Amino acid sequence: LAAAASSSSVNGFGFSLFRLLNEDQPDRDVAVSPLSLKACLDLVASGATKDSACEQEMLAVLGNIQPAPRENAMDTATSAWVRSDIRSEYLKSAEENYGAKVLRLD
């Protein structure tokens with residue numbers, strides 16, 4: 001059931017994004033990976049302060065904020081490139097919930 005909800009969220013996000021990109025340049029080909037973009041934005045959104053305006057805006061765009069189920073048939077490479085002033089709770093969540101390799105920029 002969780003996989004179906006996640007799939008539905010990715011599909012909705014992907015179709016919305018495709019429509020927006022296609023409206024800007026209707027005569028050009030558009031190729032995007034909704035799964036990759038959604039996974040990236042979910043990782044970013046997971047760092048938003050709970051119940052903040054930022055979190056609400058991300059939810060409005062993404063539909064939900066959740067890591068992809070670990071039992072997926074496809075492996076993805078995820079990393080978070082962060083500055084030293086990022087909260088340690090976010091770094092731990094990025095590693096544990098999203099399987100992201102956290103790399104510091106400084």
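## Surface and burial

The chain exposes about 7,600 Å², of which carbon and sulfur atoms supply 54%; accessible areas come from the Shrake-Rupley method with a 1.4 Å probe, and for residues only the protein chains shown count as cover. Of the 106 residues, 25% count as buried, where buried means under 20% relative accessible area, exposed over 50%, and partly exposed in between (1.4 Å probe, protein chains only).

This is a predicted model, in which local features need pLDDT of at least 70 and side-chain atom pairs count only at pLDDT 80 or more, while totals for chains, interfaces and linings use all residues. Residues are numbered from 1 along each chain as its sequence is written, and side-chain values use heavy atoms, with hydrogens and water left out.

## Secondary structure

The chain has four helices and two strands, in the order α-α-α-β-α-β along the sequence. Helices (H or I, at least four residues) and strands (E, at least two) are DSSP runs, numbered from the N terminus. Among contacts with a separation of 6 or more, 48% join residues 24 or more positions apart; a contact means heavy atoms within 4.5 Å.

## Helix α4

Helix α4 spans residues 88–98, and its buried residues are Tyr90, Leu91, Ser93, Ala94 and Tyr98. Seen down the axis of α4, these buried residues fall within an arc of 165°, so they line one face of the helix; the arc is that of the directions from the helix axis to the C-beta atoms. In general, an α-helix has 3.6 residues a turn, so residues three or four places apart point the same way.

The face turned away from the buried side of α4 carries the exposed residues Ser88, Glu89 and Glu96. The cover over the buried residues of α4 includes α2 (34–45), β1 (79–82) and β2 (101–104). Just after α4, Gly99 takes a positive phi of about 65°.

## Nonpolar cores

A nonpolar core is a set of buried Ala, Val, Leu, Ile, Met, Phe, Trp, Tyr and Cys residues joined through side-chain atoms within 4.5 Å. The largest one has nine residues: Leu43, Ala80, Val82, Tyr90, Leu91, Ala94, Tyr98, Ala100 and Val102. Helix α4 gives the most to this core, with four residues. Apart from this core lies another, of five residues, among them Leu17, Ala45, Met58 and Leu62.

Leu91 touches Val82, Ile86, Val102 and Arg104, not counting residues up to four places away in sequence.
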